[in-house]
Amino acid sequence: MKSIKVVAAVIIRTSESETKEILVTQRGYGEFKDWWEFPGGKIEEGETPQQALSREIKEELDAEIFVGDCIGTIEYDYPAFHLSMDCFYCTLIPGQKPLSLLEHENAVWLNAENLKTVKWLPADIGILDKISALL
């Protein structure tokens with residue numbers, strides 16, 4: 001089975017009501033169109049996971065991020081391939097313009113209470129409990 005290595009950004013912010021929230025994005029294409037995921041993507045030749053994540057967020061959201069610690073790695077078998085996804089705690093670098101959805105249909109900020117209210121991609125479900133503890 002083909003194996004794909006990707007990175008995902010768990011972008012955390014504190015809302016005006018002092019609640020911690022994470023950014024999730026909705027796919028606008030493919031087999032999992034309309035499902036929700038953490039933004040990110042494939043690691044290119046010669047990139048570190050952190051470099052790949054910074055590049056992917058710039059390409060997908062036109063945003064600059066600070067990539068922090070790895071929260072965990074998800075290993076998931078889809079029917080056609082094995083996915084290995086490193087999830088990193090991230091924050092937006094202050095002073096930027098609002099996010100632009102360059103590759104996604106939608107984006108929302110979720111807190112611990114509503115984290116599981118969207119239709120998550122199967123692989124992303126594997127780290128939700130760990131992320132909920134961060135919120």
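Contact, as used in these legends, means heavy atoms within 4.5 Å. The model is predicted, so that local features need pLDDT of at least 70 and side-chain atom pairs count only at pLDDT 80 or more, while totals for chains, interfaces and linings use all residues. Residues are numbered from 1 along each chain as its sequence is written, and side-chain values use heavy atoms, with hydrogens and water left out.

Figure 1. Arg27 is found in strand E2, residues 20-27; helices (H or I, at least four residues) and strands (E, at least two) are DSSP runs, numbered from the N terminus. With neighbours within four places in sequence left aside, Arg27 is in contact with Phe32, Lys33, Asp34, Trp35, Glu37, His104, Glu105 and Leu121. Arg27 has a relative accessible area of 17% and is therefore buried; buried means under 20% relative accessible area, exposed over 50%, and partly exposed in between (1.4 Å probe, protein chains only). The side chain of Arg27 makes a polar contact of 3.3 Å with the side chain of Tyr29. A polar contact is a pair of N or O atoms within 3.5 Å; within protein, one must be able to donate a hydrogen and the other to accept it, and residues adjacent in sequence count only if both atoms are side-chain atoms.

**Figure 2. Glu37 and its polar partners.** Glu37 has its place in strand E3, residues 36-37, and is buried because its relative accessible area is 10%. Its side chain is joined to that of Arg27 by a polar contact of 3.2 Å, and a polar contact of 3.4 Å joins the side chains of Glu37 and His104. Not counting residues up to four places away in sequence, Glu37 touches Val24, Thr25, Arg27, His104, Trp120, Leu121 and Asp124.

Figure 3. Tyr29 lies in the loop between E2 and E3, and its relative accessibility of 43% makes it partly exposed. The C-alpha atoms of Tyr29 and Glu103 are separated by 8.8 Å, although the two residues are 74 residues apart along the chain. Asp34 also lies in the loop between E2 and E3. Asp34 counts as partly exposed, at 36% relative accessibility, and its phi is near 80 degrees, a positive value in a residue other than glycine.

**Figure 4. The largest pocket.** About 560 Å³ of space lies in the largest pocket. Of the 25 residues that line this pocket, the closest to its centre are Arg27, Tyr29, Glu37, Leu83 and Leu121. The elements that give two or more residues to the lining are E1, E4, H1 and E6. On a 1 Å grid over the protein atoms alone, a pocket is an open set of points where a 1.4 Å probe fits, with protein on both sides within 12 Å along at least five of seven lines; lining residues have an atom within 4 Å of a point. Grid points are joined across faces, edges and corners, and a volume is the space filled by probe spheres set on the points.

Figure 5. Val10 is placed in strand E1 and is buried, with a relative accessible area of 0%. Leaving aside neighbours within four places in sequence, Val10 is in contact with Ile22, Phe38, Ile71, Cys87, Phe88, Tyr89, Cys90 and Ile131. On the same terms, the contacts of Ile22 include Val10, Phe38, Val108, Leu115 and Leu135.

**Figure 6. Helix H1 and its cover.** Helix H1 (residues 49-61) has 13 residues and reaches 18 Å from its first C-alpha to its last, close to the 18 Å expected at 1.5 Å a residue; the expected span is 1.5 Å times one less than the number of residues. Its buried residues are Ala52, Leu53, Arg55, Glu56, Ile57, Glu60 and Leu61. What covers them includes strands E1 (2-14), E2, E4 (40-42), E5 (65-77), E6 (81-92) and E7 (104-110). Just after H1, Asp62 takes a positive phi of about 50 degrees.
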